[in-house]
Amino acid sequence: MIAEPSRPGAKKYVLFDVDGTLVDAVDNQRRMWGEWALRHGLDPEEVHRVALRTRPVETFAEVAPDRDPEQCLAVLHELEDEDVRSGTYAAFDGAAALLEALPSGSWALVTSNYEHRVRGRFARTGLPVPEVVVDAASVAEGKPSPVPYLLAAARLGAEPQDCLVVEDAPSGVRSGLRAGMTVWGVNAPVAVDGVHRHFGSLREAADAILAFARGTGTDRQGDGAPAAAG
């Protein structure tokens, strides 16, 4: 689906991915999947490589097709819950100030994780939690399906063309684009294919995100091709 330009004068909304966008959990994910792989006699690097581009149930089907997926998921949940309690991670630079500055009711979280873990991590990193959180339990189809972002927009009462998606990963970018939304990429050295704007870090994107949310900025650069950090 091609995103239509946002409507002049309409209220704007910002939909954030969580891991890799607001919270730096790369090392945590690698460690958890590594432990999961070792418990199942699998190569940690290969398992993590697959996990980066698929949902857990899809990862299990690819790397351990002969194992009980429910048992596999139970082990992963155990590891992730322990990480929320004892893991070391941090919010990306500028995340707290950005979220606190956004107009109330104008933003949401769209995550492939579960809400209780997001709330645990946000409590430990000082990030505010919005009214709308779309998590893995909220949808039957995860990213790169458009369903998670479309559900977040519906819960906010927003039209897709009035929403900005902020993502770091290809599957999330595809999800936002398929939902017909404007998509900006952050926290990556090069632009993910398809993003309308690219920023090397969340902090670099903060002013532009706030301007979009307040209706004072532009959603695209040029013809919508990936742009340099602005």
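Colleague: What makes strand 7 and strand 8 a pair?

Modeller: 2 bridges join strand 7 to strand 8. Two strands pair if DSSP finds at least two bridges between them, so these two qualify. They run parallel. Trp184 stands opposite Arg197 in strand 8. Strands here are DSSP runs (E, at least two residues), as helices are (H or I, at least four), numbered from the N terminus. A caution: this is a predicted model, where local features need pLDDT of at least 70 and side-chain atom pairs count only at pLDDT 80 or more, while totals for chains, interfaces and linings use all residues. Residues are numbered from 1 along each chain as its sequence is written, and side-chain values use heavy atoms, with hydrogens and water left out.

Colleague: Why is strand 8 said to stand at the edge?

Modeller: The open sheet has 6 strands in the order 5-4-1-6-7-8, with parallel pairing. Strand 5 (132–134) and strand 8 each have a single partner strand, so one side of each lacks a neighbour in the sheet.

Colleague: Why is the pair of Trp33 and Trp36 called edge-to-face?

Modeller: The structure holds 6 aromatic pairs. In the pair of Trp33 and Trp36, the centres are 5.5 Å apart and the planes stand at 70 degrees. Rings of Phe, Tyr and Trp (its six-membered ring) pair if their centres lie within 6.5 Å; planes under 30 degrees apart count as stacked, over 60 as edge-to-face and the rest as tilted. So 70 degrees makes this pair edge-to-face. Both residues lie in helix 1 (residues 26–39), about one turn apart.

Colleague: And why is the pair of Trp184 and Phe199 called tilted?

Modeller: Their ring centres are 5.6 Å apart and their planes meet at 50 degrees, so the pair is tilted. It links distant parts of the chain: Trp184 is in strand 7 (residues 182–185), Phe199 in the loop between strand 8 (197–198) and helix 9 (202–213).

Colleague: How do you know that Trp184 is buried?

Modeller: Its relative accessible area is 1%. Buried means under 20%, exposed over 50%, partly exposed in between (1.4 Å probe, protein chains only). So Trp184 is buried. Phe199, at 0%, is buried too. Leu202, in helix 9, also counts as buried, at 1%.

Colleague: What makes Arg197 lie over the face of Trp184?

Modeller: Arg197 is at 5.0 Å from the ring centre. The rule asks for NZ of Lys or CZ of Arg within 6 Å of the ring centre and within 35 degrees of the ring normal.
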